[in-house]
Amino acid sequence: MQNGVSVYNGVTIEDDVFVGPHVCFTNDLIPRAFNDNWSVTATIVRRGASLGANSTIVCGITIGEYAMVAAGAVVTKDVPAYALVKGNPARVAGFVDRMGNRTDNG
């Protein structure tokens, strides 16, 4: 867990996860300042995943085991295990092994 990260209620981070500087988690799918009836939307980051600096993780998704999120990515959908995602919105750009090495020659 690097500096500048806030982990809100509803976010589950499993063991051996790297959370880079200033990763942004959310926990409200439909934010409104005047909504007294809102509820937390859960997010799960599975074992061994890596979240790059300044990535944004929108609530309600699961990031799979050993997945890698590139710096600055905006993750709006589930990330498969061992996938490398990047961009806004984040899309699968390839796959990595347990150590983070590309396995798809991409």
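Which residue forms a salt bridge with Asp15, and how far apart are the closest N and O atoms? In this predicted model, the partner is Arg47, and the closest N and O atoms are 3.8 Å apart. The contact falls within the 4 Å limit for a salt bridge. Asp15 lies in the loop between S1 and S2, and Arg47 in the loop between S4 and S5. The pair thus links distant parts of the chain, 32 residues apart.

Asp16 forms a salt bridge with Arg47, with the closest N and O atoms 2.8 Å apart. Asp16 is in the loop between S1 and S2 and Arg47 in the loop between S4 and S5, so this pair ties together parts that are 31 residues apart in sequence. Shared partners join Asp15, Asp16 and Arg47 into one network of salt bridges. Asp15 counts as exposed because its relative accessibility is 52%. Asp16 is exposed as well, at 53%. Arg47 is partly exposed, with a relative accessible area of 32%.

The count of salt bridges comes to three. One of them pairs Glu14 with Arg46, with the closest N and O atoms 2.7 Å apart. Glu14 sits in the loop between S1 and S2, while Arg46 sits in the loop between S4 and strand S5 (50-51), so the pair ties together parts that are 32 residues apart in sequence. Glu14 is partly exposed, at 28% relative accessibility. Arg46 is also partly exposed, at 30%. Side chains of opposite charge can pair when their charged atoms come close.

Strand S4 (residues 43-45) is joined to S7 by two bridges, in the parallel sense. Here Ile44 stands opposite Thr62.

A further open sheet has the order S3-S6-S9, and its pairing is parallel too. Its edge strands are S3 (24-25) and S9 (74-75), each pairing on one side only. Strand S6 (residues 56-57) runs parallel to S9, joined to it by two bridges. Ile57 has Val75 of S9 as its bridge partner.

The largest nonpolar core has 20 residues. Those with the most contacts inside it are Phe25, Leu51, Ile57, Ile63 and Val75. In soluble globular proteins, nonpolar side chains tend to be buried together.

Strand S10 (83-86) takes part in two pairings. Strand S8 (residues 68-69) and S10 pair in the parallel sense over two bridges. Val69 stands opposite Val85 in this pairing. S10 and S11 run antiparallel, joined by four bridges. Lys86 stands opposite Arg91 of S11. The hairpin of S10 and S11 has four residues between the strands, and Gly87 there takes a positive phi near 100°. A cis peptide bond joins Asn88 and Pro89, with omega about 0°. Pro89 is found in the loop between S10 and S11.

Most residues other than glycine have a negative phi, and most peptide bonds are trans. His22, not a glycine, has a positive phi of about 60°. His22 lies in the loop between strand S2 (18-19) and S3. Its relative accessible area is 43%, so His22 is partly exposed. Tyr82 likewise has a positive phi, near 65°. Tyr82 is placed in the loop between S9 and S10.

Tyr82 contributes to the surface as well. Tyr82, Val92 and Phe95 form a nonpolar patch there, with about 240 Å² of accessible area together. Tyr82 counts as partly exposed at 31% relative accessibility. Val92 is located in strand S11 (residues 91-95). Val92 is partly exposed because its relative accessibility is 44%.

How values were computed: Residues numbered from 1 in each chain as written. Predicted model: local features only at pLDDT ≥ 70, side-chain atom pairs only at ≥ 80, totals over all residues. Heavy atoms only, no water. Patch = residues over 30% accessible without salt bridge, like charges linked within 9 Å, V, L, I, M, F, W, Y side chains within 5 Å. Areas by Shrake-Rupley, 256 points an atom, 1.4 Å probe, with all protein chains shown as cover. Salt bridge = Lys/Arg side-chain N within 4 Å of Asp/Glu carboxyl O. Buried < 20%, exposed > 50% of the residue type's maximum accessible area, 1.4 Å probe, protein only. Pairing = 2+ DSSP bridges. Core = buried A, V, L, I, M, F, W, Y, C linked by side-chain atoms within 4.5 Å.
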